[in-house]
Amino acid sequence: MSFTTPSIGSRVGRTFEFGRTHVVKPKGKHQATIVWLHGLGDNGASWSQILETLPLPNIKWICPTAPTQPVAIFGGFPCTAWFDVGDLSEDGPDDVEGLDASAAHAAQLLSTEPADIKLGIGGFSMGAATALYSATCCAQGKYGNGNPYPLNFAAVVGLSGWLPCSRSLKSKIEGSQEAAPRAASLPLLLCHGKGDDVVLHKHGERSAEALKATGFENVVFKSYSGLGHYTVPEEMDEVCNWISTKMGLDGSQ
């Protein structure tokens, strides 16, 4: 389903009222903080319950809730969404205003973390799309609207998602001397089920390829046979191992 109408994200005077944020405190020594973004229509509470069970004692998880807003793919019906979307893929129109607002909200949640704490961002589905968009802002050093992006990430994770604004990314990265080395060094893990009938596997695969073609050299793409639009323990085990390695976590209590 694809919408080409100019109404995607173009409502005048949009305000973004984010919902409740749920925090999972580290069970051991605090070494890293990761903002985790839920999927379309969900909330921060559901993912906080999953993340709390992971064997990552050194991570503080911050799970915000997206604003409730009209969503084009649902005919304008309002639900929790990080941005407006007409197509759950990299092919749809990009709501840069909504993406910037959500990326800025995630950055704000991380802005008060101590200087020695490593920072990360991740998400599922639309949350993964927002996390990947945040990664591209991090590499460029600015949001889509040109405002400075304040953070550097040690790790970025996207499950069952896609890369927004992929069509213009290459020129933006190649047009900046600072962006190319930041893109090359940023670790990203993308995971996708081959049985996903909501965000098709090919969109996740294309997104990983687009990132690599743009100069993001540290991208890992993992496929899971038979996995639909959800997560399974095998995938979360992969995520845990990858995060521990990339963020240098020692598992200390």
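**Reading a helix against a sheet**

Q: Across which strands does α3 lie, and at what angle does α3 run to β6?

A: Contact means heavy atoms within 4.5 Å, and angles run from 0 to 180 degrees between N-to-C directions of axes, which are lines fitted to C-alpha atoms, for helices over the stretch in contact. Here α3 lies across β2, β6, β7 (155–159) and β8 (188–193), running at about 145° to β6. This is a predicted model, in which local features need pLDDT of at least 70, side-chain atom pairs count only at pLDDT 80 or more, and totals for chains, interfaces and linings use all residues. Residues are numbered from 1 along each chain as its sequence is written, and side-chain values use heavy atoms, with hydrogens and water left out.

Q: Is α3 largely enclosed or exposed?

A: Buried means under 20% relative accessible area, exposed over 50%, and partly exposed in between (1.4 Å probe, protein chains only). In α3, 15 of the 15 residues are buried, so this helix is largely enclosed by the rest of the structure.

Q: In what order do the seven strands of the open sheet stand?

A: Helices (H or I, at least four residues) and strands (E, at least two) are DSSP runs, numbered from the N terminus, and two strands pair if DSSP finds at least two bridges between them. The order is β1-β3-β2-β6-β7-β8-β9, with mixed pairing. At the edges stand β1 (22–24) and β9 (219–224), each with a single partner strand, so one side of each has no neighbour in the sheet.

Q: How many bridges join β2 to β6?

A: Six bridges join β2 (residues 32–37) to β6 (residues 118–124), and the two strands run parallel; Leu 37 stands opposite Gly 123 in β6.
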